[in-house]
Amino acid sequence: MTTANTEPTAVPGTTEPRLGEELLKVTGLTKHFPIRKGVLQRQSGAVQAVDGLNFTVTRGETLSLVGESGCGKTTTGRLLTRLLEPTSGQIIFEGRDISHLSEGRMRPLRRDVQMIFQDPYGSLNPRHTVGKIVGAPFKLQHVKTEHGVKKAVQGLLELVGLSPEHYNRYPHEFSGGQRQRIGIARTLALRPKLIVADEPVSALDVSIQAQVVNLLEDLQDEFDLTYVMIAHDLSVVRHVSDRVAVMYLGKIVELADRKSLYEQPMHPYTVALLSAVPVPDTKRKTKQERIRLQGDVPSPINPPAACRFHTRCWKAQEICRTTEPPLLQLAPGHQAACHFPENQPQDKPVAPAPSSDTKPS
Amino acid sequence: MTFLEVKDLRVHFPTDDGLVKSVDGLSFSLERGKTLGIVGESGSGKSVTSLSIMGLHKVGTARISGEIYLDGEELVSASPAEVRALRGKRMAMIFQDPLSAMHPYYTVGNQIIEAYRVHNHVSKQVARKHAIEMLDRVGIPQPEKRVDAYPHQFSGGMRQRAMIAMALSCDPDLLIADEPTTALDVTVQAQILDLIRDLQREFNSAVIIITHDLGVVAELADDIQVMYAGRAVEYSSAEDIFDRPQHPYTWGLLGSMPRIDQERLERLIPIKGTPPSLINVPSGCAFHPRCNYARMNEGASETERPELLDTGDGHMVACHLTPAKRQHAWETDIKPKL
C-alpha cells in the first residue's frame, strides 16, 4: 500500500534486504494510558494517546510524523522503539512481531532500532565523558570492535563532524548543536537499521539546525538508514521526508508522499496546518488568506466522537459527528481520513462514498 | 520626536570567566504604530536588549551604559522606582514561556487586577470587570468564569493569551514580545500573531517582536533588525531584508531555513561553525570566522569592526564588503540557491 519515494537500489554483493522493502509495519497500534483515581486506584478513564495507527516504513525512506502537541507523535515513536508497550495492535519489524517482547528479548533488537532525542542537554549523562557515552552501546551489546572501542568511538565522532580529541571531554563543554552530534554518534554506533528521531533539530538554532539536517541526510545516504522523524516544524519536515503522516489526537488523518501532501493536502486539518506556517515572505500576507482554526486541540482523555477533528473543522457536517471516516487511499500514494476531502482528483470518486453531497473542491 | 530611541546601548555582565558582552553598542529607534522585529540566534543579545528597555536587569549583575529614551524620558539613568512607574503603564512585555512568567499561586484574574490597580486608582470590582473585558478581548472563552482560574488550568495558547491580556491591561504604548509564539503549536501561533497584529492596530502601540523565526517577523514586522554577537548587522524594512538582504549572516539565515512556500532545496546551506562566545568575541567583524566572504576584504574583517552604515533608502548594514561585491555575491552566489 505504500509507494516509497526513493528509487529501490540494489546493494551489490549482499544478502541484506534491499532498499524499498518493507522494514516496519504497524497495524492497529494503540496506546491508552490509564487514569487511576481514589484509594483503590480504580481506572476512571484513559488518555487515548495513540488510537489505531496503520502504516509501514520502507527501507531507506524517511517517514515523518507531524502534528501539534498532544497528537501522539512522541508516544508513537516510543512505541516503535518499544520504550513503551502498546495497549493493542502490532508492530512488525523485519517480519517479527515485537509489540509485546519482554525487555530481555527486546535487547538484541535495540541494535537495529535506535532513537535520537529532542533535548541534547537531557539525553546525555553529564557525569560521563563523550567517549563513555558514545561507547556505551558497544559495551551494552557486547560488541567487539576491530581496533578497540576507543578507535570505533573516535571514528564515530569524526563521522558526525566532531574531533576525535573530544573523546575525554564532558557534555557541558559542548554547544547544543555539538551535543546533538554526540547523541547522533551514539545512535549510529551499532549501525541501526531504523532510527526514530524525536524532534532532532527543534532545540537548535537556525544555522545549527541546517547543519544537523544536512548531517542526518548524509548519514542516511552513506549507511542506507531508515528514519522515522517526529517533528512539528512543517518546513523542516518537507525538507527531510519522503512521506509524511499527519496526526491529530492519536490518529493519522493523512498519509502521503511529500510532494502530494504539500501540494495537494486533502484533509482539512493538513490544509489548516500548512496555511498557518509563517513564511519569510512579506508579500504573502496579502496573497493568501490563512485558515484560522478556532480553539485548541481537545483533550485526548475525552476525544470528540467520530471524526476527531469535527469540533474545529469548517467543513464538518452531520456525518462527521456520527461516523468516523476511515483512512482511505484517495489518490496514488495518498491516504486521508475525511468525509469531505479537499483537492480530490476530479476523475476518481471517493472509494465508498459516505454521503451524496461529497463535492470535490 | 521619536517614540523609542536606543543609543549605543551596552550591557555587560562580569562573570568569573570574564566579561560577557551581551549587547555591545546597539542603536535603533521605533515609532508609535510600528513593529520592529529583532532577529538573531541564541546569544545574539536580543532578549538582553528588551530586558534593558524594561529595566528588568538585576542591579549589580549587569553593567548597562548608553541611552534609552521612551517618549523623551531617559531610562538607563532613571531610578528603579521611576522605571517601575513606567512598566506596565507605558511599556509591557510578553514572555516566551507563560507558565513560568505567571505566578502559579494566584488566579489569572488576580494577576491582571494587580497590575491594573498599581497604575489606576480603582476599586477591586472595577479592576475585575476590566480584567474580564481584557480576557474577552484576547479571545478567551467564558472570561467571567476563566478569570478565577489558575495558570495551570489554561492550555499553552490560552495562557499566552492571558499574558497578552495582562500586558495590555493598561494600554501600554510600547509592547515587547520576546519569542511570544515559540512554545506554541503552529495553528495557535497563527492565532496569537493575528491577535498581536489586531491589538496593535487598535491601540496604535509600538511593538518590538523578538524571535529567531524569520517567518514570524515577516508576518508582523515593518522593520527588521538582524543581530549577531550583541550588535546589529543589518537593519531595514521587512521587504528589503527578504528581497535584497545585504549581510552575509542574513544570507546564512535565509539559506539555513527550509521554506514551504518555494521549491524544495536539494540541500540546505548552513552557516559554518558555531556562534561565538560572548566573552571572546572575534576581533573585527564578529562574524568573520563563519563568513565565506571575509577574505575578500584584505584583512579588514579580522581587524576593523564594521559600522552599521546606510546603503541608501534606510537600509543599514555592517559589513566591509563593497556595495558592488555585495550585490554581486547576492545575485550570483546566494539568490539562485535560495
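This is a predicted model: local features need pLDDT of at least 70, side-chain atom pairs count only at pLDDT 80 or more; totals for chains, interfaces and linings use all residues.
In strand β5 of chain B, Glu73(B) is the bridge partner of Leu70(B). Residues are numbered from 1 along each chain as its sequence is written, while chains are lettered from A and ligands numbered from 1 in the order in which they are written.

Strand β4 (residues 63-70) of chain B and β5(B) pair in the antiparallel sense, over two bridges. Strands here are DSSP runs of E with at least two residues, helices are runs of H or I with at least four residues, and both are numbered from the N terminus. Two strands pair if DSSP finds at least two bridges between them. β4(B) and β5(B) belong to an open sheet of four strands, ordered β2-β1-β4-β5 (chain B), with antiparallel pairing. At its edges stand β2 (18-30) and β5 (73-74) of chain B; each has a single partner strand, so one side of each is left without a neighbour in the sheet.

Chain B also holds an open sheet of eight strands. Its order is β6-β7-β8-β3-β9-β10-β12-β11 (chain B), and the pairing is mixed. Here β6 (91-94) and β11 (309-310) of chain B are the edge strands, each with a single partner strand, so one side of each is left without a neighbour in the sheet. β11(B) runs antiparallel to strand β12 (residues 316-317) of chain B, and two bridges join them. One residue pair can be named: Asp310(B) has Met316(B) in β12(B) as its bridge partner. Helix α1 (residues 46-54) of chain B packs on this sheet, touching β3 (35-39), β6, β7 (174-178), β8 (206-211) and β9 (223-228) of chain B. The direction of α1(B) makes about 150° with that of β7(B). Such angles run from 0 to 180 degrees between N-to-C directions, and axes are lines fitted to C-alpha atoms, for helices over the stretch in contact.

Now to the helices. Two packed helices are described by the angle between their axes and the distance between the axes. Within chain B, the axes of α7(B) and α8(B) come within 10 Å and cross at roughly 15°. The two helices are therefore roughly parallel to each other. That label covers angles under 35 degrees; over 145 counts as roughly antiparallel, 65 to 115 as roughly perpendicular and the rest as oblique. α7(B) passes α8(B) in a right-handed crossing. A crossing is right-handed if the near helix is turned clockwise from the far one by less than a right angle, and left-handed if anticlockwise. From α7(B), the contact is made by Gly156(B), Gly157(B), Gln160(B), Arg161(B), Ile164(B) and Leu168(B). From α8(B) come Val188(B), Gln191(B), Ile192(B), Leu195(B) and Leu199(B). Residues are in contact if their C-beta atoms, placed from the backbone, lie within 7 Å.

Where do the two chains meet? The contact takes 39 residues from chain B and 36 residues from chain A. On the side of chain B that touches chain A, α7 (156-168), α8 (186-203), α9 (214-220), α10 (238-243) and α11 of chain B each supply at least two residues. The largest share, eight residues, comes from α8(B). This side divides into 18 nonpolar, eleven polar and ten charged residues. Ala, Val, Leu, Ile, Met, Phe, Trp, Tyr, Cys and Pro count as nonpolar, Asp, Glu, Lys and Arg as charged, and the others, Gly among them, as polar.

α8(B) meets helix α9 (residues 268-276) of chain A: their axes come within 8 Å and cross at roughly 50°. That makes α9(A) oblique to α8(B). The crossing is left-handed. Ala272(A), Leu273(A) and Ala276(A) of α9(A) touch Val186(B), Thr187(B), Gln189(B) and Ala190(B) of α8(B). Five of these contact residues are nonpolar, two polar and none charged.

Helix α6 (residues 206-223) of chain A packs with helix α11 (residues 248-256) of chain B at about 45°, their axes 8 Å apart. α6(A) is thus oblique to α11(B). The contact joins Val206(A), Ser207(A), Gln209(A) and Ala210(A) to Gly252(B), Leu253(B) and Ser256(B).

Methods
Two residues are in contact if their C-beta atoms, placed from the backbone, lie within 7 Å.
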